[in-house]
Amino acid sequence: MKKEKVRFPQNGLDSSEIHAQIEKKKAGDAKWNTGKMFGFVYHPGDEVGDTLKNVYLKYFYENGLNPSLFPSVRNMENETVAMVSDLLHGDEQVVGNITSGGTESILMVVKVAREKASRDYPQIKYPEIVLPVSAHPAFEKAAYYLGIKTIHVATGEDYRVDMEGIRKAISKNTILLVGSAPCFPYGVIDPIEELGKLALEHEIPFHVDACLGGLMLPFVEKLGYPIPPFDFRIPGVTSISADLHKYGYAAKGASVILYRNSKLRKLQYYVFTDWPGGIFASTAMLGTKSCGPIATAWSVIKMLGIKGYLEMADEVMKTTKRLQEGINAIDGLHVTGTPDMSIFSFTSDYSNIFLIGDEMKTKGWHMDMLQFPDSLHLTVTRTNIPVVDEFLKDLEEAAQKTRKLSWNKITTKLTVSATGRLSKALPEKTFQKIASASAKIAEHDKSGKPSRMAAIYGISGTLEKRENVHELVLNLLDQMYTPD
Ligand SMILES: *Cc1c(COP(=O)(O)O)cnc(C)c1O
């Protein structure tokens, strides 16, 4: 089928036509407020949410690039950073900024570590970051952008990073140590206290990635759940990232990056004095910067306070526990490790877990798929509170149904469904190329195991070489960002 080229429009549309077209486009989007989706959207409820929308609109046109033109934005950024620092036990020395998200915060941390090493240890030619395999890919991305090597350390039986592995991985080239509070895949907190000690011993910066936990764990701890200290109470911690647009409930585009002192933070800033356009200075990656997310971050903290966040954390944690107990009570299913917060994954003893995920999908549920081990992942938020019983009932049925299928049937069913899904997502030519490439590679699989093909993860399971998966995903992205 020949595609029509998308043209820059000759004449404009009126407001009602724009609205109609947007509504039509949006019809295919995930219905996040039904509770059947886990993660991605963090909704503080309509009352708070509506106020935040109004606040956002007040800053629709302002530009955060110039702090002297819009002092209110700078003021809200400073106050938000100070409030989050207070929550995470920072003293008066602790400083920070708001960035566009966890990825930007982490990119800055890695840059700061590189700058610091190049000043303090100029003999390091090939700098390295030591991090758990469970750490967020944003570190990988930052390291890739900045030309730094990553040294991955496996997790132990409890899915927290293995300290012996960390000790072995630290070398004279290490410029940064990383721990998560908690990590995304298993929702467990790495041994932050021990990592902090090691960082002090070796005099290396130590970043705690609390993108997920920064605005949740302090409240979970106050509620009486056992949460080990993970923040500036640990002496070796030099920086912490905490996303405001996750459990902070701000609009998307807001994360806090905190440093132990301003000497470290200065290494984050960028200044160029020789431009004919004037002296240029920016705190982080972005130039022109949206102010709406900053304004909503400040407002939501002011609106909820510790009391409001505690109530939300309490509801979310109770929902999480009910989900975990319900999942563990289903024959063959169990939660991975002992998650510390409201994110976790689960696996199956009997069926291919992705097949259960597929079954759940037909009933409208969306869960993330994880690998090593194959599992389904839940980020529990307030929207999921009313649907726990329905979810567990559907999950039990899905588990029973998939248990009855033989391996052979499962393989066929999975292959058919994944193939169908991929072929829908891709233009026919690309799909055929990918399908034949993956079939060729699958033929080389000598283990004799049935080939599993649940979407990308399934295909990646049958591909022995990760480079092939890399290529496949690159092609997929390339196609996805080409007009339909
Ligand atoms: C979400 C997340 C990040 C990355 O943050 P973005 O806001 O998606 O850029 C980093 N670390 C953890 C643990 C996260 O959950």
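Helix 11 (residues 353–362) is mostly covered, with 8 of its 10 residues buried; buried means under 20% relative accessible area, found with a 1.4 Å probe and counting protein chains only. Helices here are DSSP runs of H or I with at least four residues, strands are runs of E with at least two, and both are numbered from the N terminus. The model is predicted, so local features need pLDDT of at least 70 and side-chain atom pairs count only at pLDDT 80 or more, while totals for chains, interfaces and linings use all residues. Residues are numbered from 1 along each chain as its sequence is written, and side-chain values use heavy atoms, with hydrogens and water left out.

**Helix 11 and its ends**

- The buried residues of helix 11 are Ile353, Phe354, Leu355, Ile356, Gly357, Asp358, Glu359 and Met360.
- After helix 11 comes Gly364, which has a positive phi, near 95 degrees.

**Around the ligand**

- Thr103 has a polar side-chain atom 2.5 Å from an oxygen atom of the ligand.
- In the side chain of Asp209, an N or O atom lies 2.6 Å from a nitrogen atom of the ligand.
- For Asp243, an N or O atom of the side chain is 3.2 Å from an oxygen atom of the ligand.
- On its own the ligand has 380 Å² of accessible area, and the protein covers 85% of that; such areas come from the Shrake-Rupley method with a 1.4 Å probe.

- Thr99 sits in strand 1 (residues 95–99).
- Thr99 counts as buried because its relative accessibility is 4%.
- The side chains of Thr99 and Ser105 make a polar contact at 2.8 Å; that term means a pair of N or O atoms within 3.5 Å, where, within protein, one must be able to donate a hydrogen and the other to accept it, and residues adjacent in sequence count only if both atoms are side-chain atoms.
- A polar atom of the Thr99 side chain also lies 3.0 Å from the backbone oxygen of Gly101.
- Beyond its neighbours within four places in sequence, Thr99 is in contact (heavy atoms within 4.5 Å) with Glu104, Ser105, Gly253, Ala254, Ser255, Ile257 and Ala284.

How values were computed:
Buried means under 20% relative accessible area, exposed over 50%, partly exposed in between (1.4 Å probe, protein chains only).
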